[in-house]
Amino acid sequence: MLDRPAHIEETPETFTGNRGLDQEEPLLFEIGRLDATGVDLDEAPQITPRLGGLERKDAIGLPGLTEPETMRHYVRLSRKNYSIDAGLYPLGSCTMKHNPRLNEKMARLEGFADIHPLQPVSTVQGALALMQTLADWLMTLTGMHAVALSPKAGAHGELCGMMAIKSAIAARGEGATRNVVLIPQSAHGTNPATAALLGFSVRVAPAAEDGTVRADSVRAALGPDVAAIMLTNPNTCGLFEREIAEIAEAVHEAGAYFYCDGANFNAIAGVARPGDFGVDAMHINLHKTFSTPHGGGGPGAGPVVLSKRLAPFAPVPFIRRDGEKLALVEHAEGTQSFGRMTAFHGQMGMFVRALAYMLAHGGDGIAQASKDAVLSANYVRASLREVMSQPFGDRPCMHEVLFDDAWLKGTGVTTLDFAKAMIDEGYHPMTMYFPLVVHGAMLIEPTESESKASLDLFIATLRDLVKSAKEGDTKRFAEAPRFAPRRRVDETLAARKPVLRWSVG
């Protein structure tokens with residue numbers, strides 16, 4: 001293992017609040033001048049108000065800054081961000097993987113970056129061909145029969161898949177009786193939320209002691225009122241559901257459908273096809289498996305693949321070949337489609353990035369990425385298993401490894417303390433306290449893009465933190481983070497009494 005660098009002493013306070021290149025950055029309202037602007041504007045013409053007395057009476061109060069001040073503000077803020085471009089991002093379940101710059105270059109090509117969703121279809125044949133090619137790749141990799149590209153993210157994709165299932169059940173005349181969805185204890189919170197949003201009741205499918213779901217427990221929970229099961233594979237504990245084919249068989253025998261949460265498809269892409277397991281619907285997070293940006297709440301994409309049984313119920317719009325040309329089917333009339341989920345056909349930039357990734361890797365490269373992700377997680381697991389505890393025993397994991405806080409017992413250090421100390425070492429913390437079925441959970445996903453040297457340094461850092469915790473160095477943890485731009489905040493107070501607006505006082 002690598003030696004830990006010499007410990008950095010606490011730096012003294014400075015007049016500016018800066019510490020070397022760790023610069024203090026106030027709010028725009030604090031550095032701007034309310035009576036000035038960095039842009040020359042003509043005097044506004046006199047107008048006759050037409051707002052019926054509702055027009056603004058006071059100054060708008062926006063801060064005025066020069067161009068250099070504005071630029072420096074946002075550059076300084078950007079340097080406070082932790083990103084995959086800055087270092088290893090070990091968030092389990094979220095998959096913060098490297099986004100190749102080639103993908104970004106392709107997404108900015110003229111003809112992709114500049115098109116508009118309301119353009120005539122005849123002028124965007126190339127874009128439709130790209131979408132059709134992407135759909136073919138997704139269906140090939142999953143072994144499914146249809147794909148809906150319009151969903152904007154994972155949860156939106158879940159909604160799409162479950163709406164297709166609900167429509168299929170209604171078409172059988174069982175809409176009033178099949179109103180229960182089975183969901184494992186370790187599922188993502190969006191699963192029960194999606195089911196409830198569509199009017200289903202949720203029934204828990206218990207997990208066995210090893211963290212996986214057994215076919216026998218699913219059979220015991222099935223009945224004529226069950227519409228579907230929502231199961232993640234690999235599951236949220238980073239484990240492969242070994243009885244998934246038997247579970248699918250039981251679900252189908254009971255007349256229900258199998259929805260697979262595709263959040264962790266990046267562990268098996270190119271290696272195993274969900275369609276072969278008996279899956280009926282699955283969303284795919286393009287950012288997790290095919291290296292598109294997470295989107296920050298913006299340009300996400302969560303395509304949904306559907307089995308032959310559910311393909312007729314796919315939402316519009318979808319692409320259909322019309323002779324030599326491609327057409328977008330925009331209306332559900334005359335089909336069994338459940339209708340439209342969103343105004344347009346998806347996020348074009350994400351489609352370009354995902355297909356660029358697929359074409360650059362090929363089928364064998366995608367499979368290698370999946371295998372490397374699993375290898376990386378197991379390397380971390382094997383390197384830490386003697387000093388940290390695993391809730392389901394020392395056994396191989398998939399793309400992420402799960403530890404609990406049992407090893408912290410008696411140290412006076414909590415999972416939160418441990419995570420805060422990681423910030424001082426230059427790492428974003430792993431996912432904490434999730435999945436909820438594990439006490440003090442620490443879920444680590446290193447991804448396939450990390451080198452062995454990068455993993456070795458990360459492992460050595462965690463081992464050093466473990467050593468400090470077990471030796472009683474509580475100060476290192478209780479006061480962390482010491483070297484971040486902001487120290488530890490009262491998170492309970494921040495959640496219950498957030499400051500949501502600027503006030504001069």
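How many salt bridges does the structure hold? This predicted model holds 28 salt bridges.

**Nonpolar core**
- The largest nonpolar core has 60 residues, and Leu138, Ile247, Phe290 and Phe351 touch the most other members.
- Two or more residues are given to this core by each of helix 4 (125–142), strand 2 (180–184), helix 7, strand 4, helix 8, strand 5, strand 9 (325–329) and helix 11 (348–384).
- Helix 11 provides the largest share of this core, 11 residues.
- Beyond its neighbours within four places in sequence, Phe351 is in contact with Leu130, Met131, Leu134, Leu149, Leu286, Ala301, His345 and Gly346.

**Helix 8**
- In helix 8 (residues 244–253), the buried residues are Ile244, Ile247, Ala248, Ala250 and Val251.
- They lie on the same side of helix 8, because they cover an arc of only 165 degrees around the axis.
- Helix 7 (215–221), strand 4 (226–232), strand 5 (257–261) and helix 9 (274–277) are the elements against which the buried residues of helix 8 pack.

**Helix 12**
- Eight of the 10 residues of helix 12 (residues 415–424) are buried, so this helix is mostly covered.
- Among the buried residues of helix 12 are Asp417, Lys420 and Asp424.
- The packing partners of the buried residues of helix 12 are strand 11 (431–432), strand 12 (442–444), helix 13 (452–470), helix 14 (474–478) and helix 15 (491–496).
- Gly426 follows helix 12 and has a positive phi, near 90 degrees.

**Salt bridges**
- Arg482 and Asp424 form a salt bridge, with their closest N and O atoms 3.8 Å apart.
- This pair ties together parts that are 58 residues apart in sequence, because Arg482 lies in the loop between helix 14 and helix 15 and Asp424 in helix 12.
- Both Arg482 and Asp424 are buried.
- Asp225 and Arg203 form a salt bridge, with their closest N and O atoms 2.7 Å apart.
- Asp225 is partly exposed, at 23% relative accessible area, and Arg203 is also partly exposed, at 28%.
- Glu471 and Lys467 meet in a salt bridge of 3.0 Å, N to O; Glu471 is exposed at 56% relative accessible area, whereas Lys467 is partly exposed at 47%.
- A network of salt bridges links Asp210, Arg214, Arg242, Glu243 and Arg395.

**Surface patch**
- Leu27, Phe29, Leu34, Ile60, Leu62 and Trp502 form a nonpolar surface patch, together with about 590 Å² of accessible area.
- Ile60 lies in the loop between helix 1 (28–31) and helix 2 (67–78), and counts as exposed because its relative accessibility is 57%.

Note on methods:
Residues are numbered from 1 along each chain as its sequence is written. This is a predicted model: local features need pLDDT of at least 70, side-chain atom pairs count only at pLDDT 80 or more; totals for chains, interfaces and linings use all residues. Side-chain values use heavy atoms; hydrogens and water are left out. Patches are made of residues with over 30% relative accessible area and no salt bridge: like charges are joined within 9 Å, nonpolar side chains (Val, Leu, Ile, Met, Phe, Trp, Tyr) within 5 Å. Accessible areas come from the Shrake-Rupley method with a 1.4 Å probe; for residues, only the protein chains shown count as cover. A salt bridge is a side-chain nitrogen of Lys or Arg within 4 Å of a carboxyl oxygen of Asp or Glu. Helices (H or I, at least four residues) and strands (E, at least two) are DSSP runs, numbered from the N terminus. Buried means under 20% relative accessible area, exposed over 50%, partly exposed in between (1.4 Å probe, protein chains only). The arc is that of the directions from the helix axis to the C-beta atoms. Contact means heavy atoms within 4.5 Å. A nonpolar core is a set of buried Ala, Val, Leu, Ile, Met, Phe, Trp, Tyr and Cys residues joined through side-chain atoms within 4.5 Å.
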